[in-house]
Amino acid sequence: QTIYLKDYEVPPFLVDHTDLRFELFEDGARVHSTLSMRRNPESAAGQPLELDGDSLELESVALDGQALSDGDYEATPASLRIDSVPDQFSLSVVTWIRPQDNTRLEGLYKSSGMFCTQCEAEGFRCITYYPDRPDVMARFRTRIEADQSRYPVLLSNGNDVERGELDDGRHYAVWEDPFPKPSYLFALVAGDLVEKKDQFTTVSGREIDLRMYVEPRNAEKCDHALVSLKKAMRWDEEVYGREYDLDIFMIVAVDDFNMGAMENKGLNIFNSSCVLASPDTATDMAFQRIESIVAHEYFHNWSGNRVTCRDWFQLSLKEGFTVFRDTQFSSDMGSPTVKRIEDASLLRTAQFAEDGGPMAHPVRPDSYMEISNFYTLTVYEKGCEVVRMIHTLLGPEQFRAGSDLYFERHDGQAVTTDDFVRAMEDASGRDLSQFRLWYEQAGTPRLTVEDEYDDAQGTYRLTIHQSVPATPGQPEKQPQHIPFAVGLIGEQGKALPLRLSADEDENDAPTQRVLELTGDSHTFTFHGLQARPVPSLLQGFSAPVRVDYPWTRDQLMFLMSHDPDGFNRWDASQRLASDVIESLMHQPKDVRTDRRLLTAYRHLLADRSLDQALVARMLQLPTVAALIEQSETADVQAIHEARRRVLTELAVELRDDLVACYRRNQESGEYRLEPEDIARRALKNTALAWLLHVKDEEGRMLAVKQFEGATNMTDRASALRALVNSDFEGDRQQALDRFYGQFKEDPQVVEQWFAIQASSPNAGSLAHVEALLEHEAFDWKNPNKIRSVVGAFAGQNLSRFHAKDGSGYRFLAKRILALDETNPQIAARLVSPLTRWRKFKNVYSEGMKSALETLRDKPDLSKDVYEVVHKSLKD
Ligand code: ARG
Ligand code: ZN
């Protein structure tokens, strides 16, 4: 049941027009579909018609208006086959489906009383029989009929062309989408929703109606999404020259949703947690996340919808490019350095882990069993880095020319990542043939850097070796084309001119160069140096690679305070802290933390000249996940313990500095979402967390006061988190109870409340997490609740999840087994904390492996979980 890229064939039939009529009822829905189809001239002649289905009940089939009888076709819940059809015909099919019972949340389903859809990747086949593949693009007309009082709002893609009343208190609406699209971009919503209206005037002067539809209780949580949407629309015009193309753009929020959001043409559907916000209920991080997701889905209108994917192996064509576009947007809206740090740390911990594990796959995978399992960090985030590298290699102007050419050349088509790269090549004249390996080879390249300083010559040589590790199915690798940005820092902390030859004028030489690595090893010689410089390597994280260079702790401290590249300042802080933590790992209790780390952090806390958002980031010690990723074979408990020791020592020694930092950054007036305010809150709340970590009495007083008096959720949730992570058990429970009492009607806040507990090494003991699953607000049918308890425990509470007795693993396996019956997509996602069992010391890996075996042995395992479990256990 594995599908291969090499087996791709053009679709035997095309659909010119798709006419749908939905009759929505309380016990099910009847779907009438009429497809105007014809044979694809590019395909082999005489093939039978075969349509995809999933759990469908067929009521009738007609060909060119003639009802077919049983012998004329072959129908199962998963396919409809008609052996002989003319070259051009109209096919009418009626199916009966049960959205009420749809717990998989794929296709048409119900979420808190409303009907909604999720069709990417293969959900449309749960609605009706269809050639459910992205290279079949049709114009859709959709008529929705439903009870008027329960479902006053009826939405689908495109323009609202007709509405009216029917008998029995029912009504209907007809929507027409003028743009041909694949079935995965189809959407339907029916519910009792309030409408928030706004407007946008495009660059060419067209007036666009913006509408947001939410449940009445969420009416006050729409402003931020609408503001973000308008910013994104303007930005896409200015930066990419992309204008919106329909007269109306709609956003709907639904509570039960497998992923973050979906870019359906003209009708984006969002997970409530990724779109609804108010200062009282959402943290700064949530506000920023919403801004970027709203932008992401909007940007898909061009990178995804106008130009779509030929097949699902090309998923990164739309996702990698669109993530790149949304990161550029966020970077323009806030602190670029901090945005880069956030993206790079996600990549370096989670994506590198994926790339080094049994599910490793290229940005353009070449096979899969279940496509839902390939909505991964590799396809999205590494895919984004690949596009970013093209941007770096070409420069902004040529990149923009390449993007323009891509949209112009492929508008209305379903294409491949190769077509994207070709447009970049054609517009810039650059040869990216070796660069294409980034799409084809899995695994994280490793760069090993050596240097040599020649005092007599005044030259400095950097030698860089590249290797790409073997990954499942790809034992041998070729060297990749890597843009490697470097700088050299001189004695006075000055960025030195980089002269690649002796006669280059030092005034012309830049202080940053992007070296292009294409072979196994390269040597670069820099001229005119007075002393040995400190290298600043991979500035701005210019490529998704690992870099090994033997920096000393003194050099790292030097970079922390002098590197002109903000990203590398942060990187130096992480390398220094990691090194200190790792060296303490198997040391007796009385071995103290290197004083230099303390000094570095004391300087940081006092540094008011540096971007305070960057300071807040640099103060964060590397996470346990990052430390696991950096180790050869991980001993989670030892890592956790060493990290805790360092944190304790720092917090004790820096206590007064932390209090001062807290007071200096305390709330002053109204809540504003400006970068300086966000930075101030981040810094203050980091200081608070550290103080509570060492049970500081003044810290406790400040936390309680902040918790009670907070005017926004960032401060309230941070105080709650600090208390929950502390040993002040009385305050912890009191704060948790008060918080829940105050916000129990708000699902998004309750989800935060769950996650704060489940991810806490203190509060989140297994017993407590089990108790949360019995809580009145917990709901196994709601993916957000599952993520905020089970996901947060297994993904963020690593010292508890990796209990040496294996209890955390058994807990997870048990939940996955149950979820496999109701929502296989979510079940499969939860397997991922177990997949990298080989990375861990025996005491852990044995338990992880046996949890995977428990899953493997379940009869009727879903395809989703089957794929992940079997690949993880392979040899
Ligand atoms: N295309 C959506 C986005 O990235 C994600 C939808 C994924 N859905 C899924 N069932 N895997 O914006
Ligand atoms: Zn996307």
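# A tour of rings, sheets and a ligand

The structure holds 45 aromatic pairs. This is a predicted model, where local features need pLDDT of at least 70, side-chain atom pairs count only at pLDDT 80 or more, and totals for chains, interfaces and linings use all residues. Residues are numbered from 1 along each chain as its sequence is written, chains are lettered from A and ligands numbered from 1 in the order in which they are written, and side-chain values use heavy atoms, with hydrogens and water left out.

**Stop 1: aromatic pairs**

Rings of Phe, Tyr and Trp (its six-membered ring) pair if their centres lie within 6.5 Å; planes under 30 degrees apart count as stacked, over 60 as edge-to-face and the rest as tilted. Select Y298 and F299. Their ring centres are 6.2 Å apart and their planes stand at 65°, so this pair is edge-to-face. Y298 and F299 are both buried (under 20% relative accessible area; exposed is over 50%, partly exposed in between, with a 1.4 Å probe and protein chains only).

Now select Y549 and W551. Here the centres lie 5.0 Å apart with the planes at 70°, so the pair is edge-to-face. Y549 is buried, at a relative accessible area of 10%. W551 is buried too, at 14%.

**Stop 2: charges over rings**

A charge sits over a ring if NZ of Lys or CZ of Arg is within 6 Å of the ring centre and within 35 degrees of the ring normal. Select R310 and Y8. R310 lies over the face of Y8, 3.7 Å from the ring centre. Then go to R700, which lies over the face of F728 at 5.3 Å from the ring centre.

**Stop 3: an antiparallel sheet**

Strands (E, at least two residues) are DSSP runs, numbered from the N terminus. Two of them pair if DSSP finds at least two bridges between them. Show β10, β11, β16 and β13. These four strands form an open sheet in that order, with antiparallel pairing. At the edges are β10 (107-111) and β13 (153-156), each pairing on one side only. Neighbouring strands are turned by 20° against each other on average, direction ignored; the axes are lines fitted to C-alpha atoms, and angles run from 0 to 180 degrees between N-to-C directions.

Zoom in on β11 (residues 114-118) and β16 (residues 188-191). Two bridges pair them in the antiparallel sense. F115 has A190 of β16 as its bridge partner.

Move on to β13. Four bridges join β13 to β16, and the two run antiparallel. V153 is bridged to G191 in β16. Colour the side chains of β13: V153 and L155 point one way, L154 and S156 the other, and all are buried. In a regular strand the side chains alternate between the two faces of the sheet.

**Stop 4: a mixed sheet**

Show β29, β26, β25 and β31. In that order these four strands form an open sheet with mixed pairing. β29 (521-526) and β31 (546-548) are the edges; each has a single partner strand, so one side of each is left without a neighbour in the sheet. The twist averages 20° from one strand to the next.

Nine bridges join β25 (residues 446-454) to β26 (residues 459-467), which run antiparallel. Select L447: opposite it in β26 stands Q466.

**Stop 5: ligand 1**

Of the 14 residues around ligand 1, E120, E263, E297, E319 and Y380 come nearest (a residue is near if one of its heavy atoms lies within 4 Å). Polar contacts are pairs of N or O atoms within 3.5 Å; within protein, one must be able to donate a hydrogen and the other to accept it, and residues adjacent in sequence count only if both atoms are side-chain atoms. Select E120: a side-chain N or O atom is 2.5 Å from a nitrogen atom of ligand 1. At E297, a side-chain N or O atom is 2.8 Å from an oxygen atom of ligand 1. Finish at Q825, where a polar side-chain atom lies 3.4 Å from a nitrogen atom of the ligand.
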